[in-house]
Amino acid sequence: MYFSVREPEGTETPLIVEIPHAGVGVDPESLATLAAPARAIGQDADLYVDELYARAPALGATVLVSHMSRYVCDLNRAETDLDGLAVQGAPARSAPHGLVWRATTENQPALQAPLSPRELERRLELVYRPYHRTLATLVEHKRRRFGYAIVLCAHSMPSSGRLGHTDAGRPRADVVPGSRGRTTAATAVIDAPDELAKEIGWTVSHDDPYRGGYSTGHYGRPDARVHAVQVELARRLYMDERTLSKKLNDFGNVSRYCDTLVARLGATTLG
């Protein structure tokens with residue numbers, strides 16, 4: 001299965017935890033097109049984020065997690081976010097990290113050649129569209145049951161900008177919540193990750209360098225009673241970014257942050 005849904009185990013809450021980038025799976029047809037090295041697949045994944053939020057179902061949240069690498073297709077981009085250097089016939093743009101990545105975050109080639117429209121359509125039908133149909137269904141279920149839905153778009157980020165980033169070489173905050181200028185959710189939802197991080201002494205930088213991707217902007221419609229916030233955790237908090245291994249002594253602390261955030265958002269009452 002290319003993604004999975006983990007249903008609430010305890011009393012259900014309005015919260016959905018969406019994890020689009022933790023996977024490292026690459027199907028054979030996609031693998032045949034890649035120039036990216038194996039290390040990049042791990043380095044550019046949000047490794048272990050699904051484990052950090054492993055207790056979310058026990059806290060009443062529904063979890064949607066992709067098992068596929070973003071090098072198959074980036075689930076946090078719009079279907080139309082295409083670049084002619086990545087997909088044949090698409091408009092020419094200087095956007096290496098659209099729906100199809102043509103460069104790694106180290107600014108190395110990710111593709112042997114631009115994908116054919118047929119290969120793009122295969123990936124959309126295989127992974128992208130089923131994933132977002134499922135997320136939309138989960139959102140509607142929560143909205144009907146509780147009167148509103150909250151989507152926590154759960155991510156991690158390199159602790160400093162890489163060569164292929166706009167902030168190359170710049171250290172990042174411990175936590176970067178993204179809400180597109182505080183427009184994608186109610187204040188209580190937007191403030192929750194900030195306040196919790198500050199309570200435990202972590203640094204926070206809202207919307208910088210990530211303002212929230214496709215899922216945050218597309219599903220985050222407070223006027224339609226759907227609230228979304230993206231939360232990026234600096235990987236130095238819980239893993240060694242060189243060896244890609246977990247920091248066993250720190251992993252539990254970050255997991256507790258995630259547990260507390262899930263509990264707080266799940267208990268948030270919105271009108």
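Arg180 lies in the loop between β5 (175-178) and α5, and its phi is near 50 degrees, a positive value in a residue other than glycine. Arg180 is partly exposed at 32% relative accessible area (buried means under 20%, exposed over 50%, partly exposed in between; 1.4 Å probe, protein chains only). The model is predicted: local features need pLDDT of at least 70, side-chain atom pairs count only at pLDDT 80 or more, and totals for chains, interfaces and linings use all residues. Residues are numbered from 1 along each chain as its sequence is written, and side-chain values use heavy atoms, with hydrogens and water left out.

**Backbone**

- Most residues other than glycine have a negative phi, and most peptide bonds are trans.
- Asp207, in the loop between α5 and α6, has a positive phi near 65 degrees and counts as buried at 15% relative accessibility.
- The peptide bond joining Asp208 and Pro209 is cis, with omega about 10 degrees.
- Pro209 lies in the loop between α5 (187-199) and α6 (214-219); helices (H or I, at least four residues) and strands (E, at least two) are DSSP runs, numbered from the N terminus.

**Aromatic contacts**

- The whole structure holds 5 aromatic pairs (Phe, Tyr and Trp rings, the six-membered one for Trp, with centres within 6.5 Å; planes under 30 degrees apart are stacked, over 60 edge-to-face, the rest tilted).
- Tyr48 and Phe251 are edge-to-face, with centres 6.3 Å apart and planes at 90 degrees; the two residues are 203 residues apart in the chain.
- Phe251, in helix α7 (residues 248-267), is buried at 10% relative accessible area.
- Tyr238 and Phe251 are also edge-to-face, at 5.9 Å and 75 degrees.
- Tyr48, Tyr238 and Phe251 form one aromatic cluster.
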